[in-house]
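Dear colleague,

Please find the structure below.

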Amino acid sequence: MKLSNRVNNLSYSAIRKLGPYADAAKKAGKKVIHMNIGAPDVPTPREFLESIHKLDMETVGYAKAVGIDELREGISSYFTKQGNPYAPEEICVTNGASEALLFALWMTTDVGDQILTTDPYYTNYDSFFVETGTSVNTFPTSIENGFRLPDYGVMEAAVTPETKAILICNPGNPTGALYSEEEIRSVARLAVEKNLFILADEIYREFVYDGRKFFSFSQIEGIEDRLIVLDSISKRFSACGARIGAILSKNEELMAAAFKLATARLAAPLLEQYGTAALYTMENDYLQKVNEEYQQRRDCIYNALSQLPGVTCYKSEGAFYTIAQLPVADTDDFAIWLLENYEEAGTTVMVAPAAGFYKDAERGRQQIRLAFAVNQENIMRGIEILGNGILAYNQIQK
């Protein structure tokens, strides 16, 4: 018997594909510093678990397909306070931002249609493109200028007759780029002129550094009919395992379709929804403190990388990622070598080779994505091991 072409065409995530090597390193007694994945080590607010503990119910039943009222109202209030008002009926709770994107693709594309996005882009997008029978086209961004969006004409040239939507992650994963109001408005102009949907992945919107301001697609008038915002608590509240996200749109037809899809999959987790609703009643100083912590980590990783000979990097403006170019021929091979063959006092580091984030893998062959979601002590130790590892690896390659 043969498995489907759909599943056979799926690739392992560039973030997790080296997992077996990390597991083997741990079984061999090594400590592995994980800088390959954006899994925050900042504690989840106590309000989340305390709210769940206080629940008095005999049966954990289905939640409403579109989400419990308390949570939709909480999300609505949160976005409204940020100047991006969405009514509860313009919000559908999902199983993380992953399901939100899957819903968005199901609603806006058919098999054979195309999505336009940046190159590089979040590697797991590929899985959803395969699952929905869509393809991806990209326009280039570059480490040399901090992965800014290109000129309008470059983006326009990447639109084909099959293009149905443009997907933008801002602040960016994997790059850490924060797009300006001018850049976001340029994308919106492209969407209007080419009649494209906008899929706005804004789950890192709180993590913006050096006094910069996040500019949302929701702040632009005249694109309400084509805008779908993807949201999640995974990074905002350091709650990746809760798997609570949302899809937001002012297009009534789109939201009716989202509600239909939500009904088909029954519900998002009930207990986690109550826990999340409590998070939206917290004081705002939590997010301010978390932002300050990540800015310190950003400074830490940038300063450490800048001291490594032959390494090219830039100072991320948002999210908690950076891409670095290394003086090695192939970072896939190098990343595996670090896990299998290199350690310092029983410790090694796991990174994400950047080739898997590019449509053209060769563009990322000498690059890695690093997540500074771990504490500063681990960042400093991880980059120290990385730098020494580069020297040792290149000696072997000679």
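Which element gives the largest share of the lining of the second largest pocket? Helix 5 does, with 3 residues; helices are DSSP runs of H or I with at least four residues, and strands are runs of E with at least two, numbered from the N terminus.

This is a predicted model, in which local features need pLDDT of at least 70 and side-chain atom pairs count only at pLDDT 80 or more, while totals for chains, interfaces and linings use all residues. Residues are numbered from 1 along each chain as its sequence is written, and side-chain values use heavy atoms, with hydrogens and water left out.

The second largest pocket is lined by 26 residues, and Ser98, Tyr122, Asn124, Lys235 and Arg243 lie nearest its centre. A pocket here is an open set of points on a 1 Å grid over the protein atoms alone, where a 1.4 Å probe fits, with protein on both sides within 12 Å along at least five of seven lines; lining residues have an atom within 4 Å of a point.

The largest pocket has 17 lining residues, with Gln82, Arg205, Glu206, Lys213 and Phe214 nearest its centre. Helix 11 gives the most to this lining, 4 residues.

Asparagine 137 is found in strand 4 (residues 135-140). This residue is buried, with a relative accessible area of 16%; buried means under 20%, exposed over 50% and partly exposed in between, with a 1.4 Å probe and protein chains only. The side chain of asparagine 137 reaches the backbone oxygen of alanine 158 at 2.7 Å.

Yours sincerely

Definitions and conventions. Polar contact = N/O pair within 3.5 Å; in protein donor to acceptor, adjacent residues only side chain to side chain.
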